[in-house]
Amino acid sequence: MTDASHESVPSRHRKRFPGISSRAYEHPADRSALVALRRLSGFDTVFKALSGLLPERSLRLLFLSDSVRVSDAQFAHLNDMLRDACYILDLKKVPPMYVNQDPQPNAMCIGLDEPIIVVTTGLVELLDEEEMRAVVGHEVGHALSGHAVYRTILLFLTNLALKVAWIPLGNVAIMAIVTALREWFRKSELSADRAGLLVGQDLRASMRGLMKIAGGNHLHEMNVDAFLAQADEYEKGGDLRDSVLKILNVLPRTHPFTTVRAAELKKWSETRDFQRIMDGHYPKREEDKDTSVTDSFRESAAHYADTVRTSKDPLMKLVGDIAGGAGDLGGKLRDRFTGAGGGSTGAGGTGKDGAPAPDATDGSEGTWRRPEPGESPESGS
């Protein structure tokens, strides 16, 4: 019997991107790392050889024996979405997909030799047709980028760090690398969100899906604009203490926070890069081998510089001031760390000799699910 909820959603024409390179949608920080890794001769071979150290084969057997494999006969609507996503992004080989019984909404793309996609029943029951299409596109984006292979580094080093924890300097060195890799991992999630938008081609559906991941199936109680306003409030913070706390909160995570993912995706959807892709102008896969590592790192550096320049976060603003050679850094540091001269100026704050203070920083206050701190990178996408 076919689920009536899937019959009520009419199909519509979506643009296809023949030969599209994953570089078209990858976040600059993600793209620079991937370009560099792809240029390392024998890199994939080495890490695929390491797959014996990881439980990949065991996981494949587990999903095959204790989950439902998506096909024309089982979860046919998901199978149609999967084939459609691979057709749109021109992924030649359709990866196997499984539905796993788990009330926690989650989806992931795993595997070194051949990626497989796993979605939980919690996610299937939570999202509607178009929201689920964005998730499937997200996971296919991971497969096209080859994230599963490269993320093995993070998992391998995380496990290694646990084994050498008794060696003080060795553990510190490995954890420093792990921390840097987690930053890349978070950026790869932003890349996959973009792939999901290219597949679904419905920004509202992508926004709804992220809101549901954050707040459950209560769309009548939620509002996209208010949800995005949370991301803006989070970025602004209060003072440098909040900036430090945000850094500490995000360091152990493999995914960006949900509101941040929503804001980043909306921002990208309004760029010329996105519009050019939709118009059929994008990097091709056949050109990947000729991509300049230097140019990719330059783009990544420019992105971070632009982030510092345009950020509303108090710490980023201070970094921008220092980089710009602003005077009275001691006073700026004191004010930003205590909140003085921040958002209070708009409420009648005063400056020197009781004069009104000049305008200052406004002080107003994502894998798919929210992974718990410290969990492995393969636990969600």
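Tutor: Start with L245, which sits in helix α12, residues 240–250. Keep in mind that this is a predicted model.

Student: Is L245 buried, exposed or partly exposed?

Tutor: L245 counts as partly exposed, because its relative accessibility is 48% and exposed would need over 50%.

Student: Now the inside. How many residues are in the largest nonpolar core?

Tutor: That core has 46 residues. The members that touch the most others are F17, I20, L78, L89, V140 and L198.

Student: What does L78 touch?

Tutor: Leaving out residues up to four places away in sequence, L78 touches V70, M97, V99, V119, V124 and M132. There is also a second, separate core of 6 residues, with Y98, M108, I110 and I116 among them.

Student: What is the mean pLDDT of the chain?

Tutor: The mean is 74, and 54% of the residues reach 70 or more. Residues 1–10 are below 50, and this stretch has 5 contacts beyond near neighbours in sequence. Residues 342–367 are also below 50, with 52 such contacts in the model.

Student: So what do I do with low values?

Tutor: Where pLDDT is low, the predicted coordinates should not be read in detail.

Student: Last one: how many helices and strands are there?

Tutor: The chain has 17 helices and 4 strands.

Conventions: Residues numbered from 1 in each chain as written. Predicted model: local features only at pLDDT ≥ 70, side-chain atom pairs only at ≥ 80, totals over all residues. Heavy atoms only, no water. Helix = DSSP H or I, 4+ residues; strand = E, 2+ residues; numbered from the N terminus. Core = buried A, V, L, I, M, F, W, Y, C linked by side-chain atoms within 4.5 Å. Buried < 20%, exposed > 50% of the residue type's maximum accessible area, 1.4 Å probe, protein only. Contact = heavy atoms within 4.5 Å. pLDDT = per-residue confidence, 0-100.
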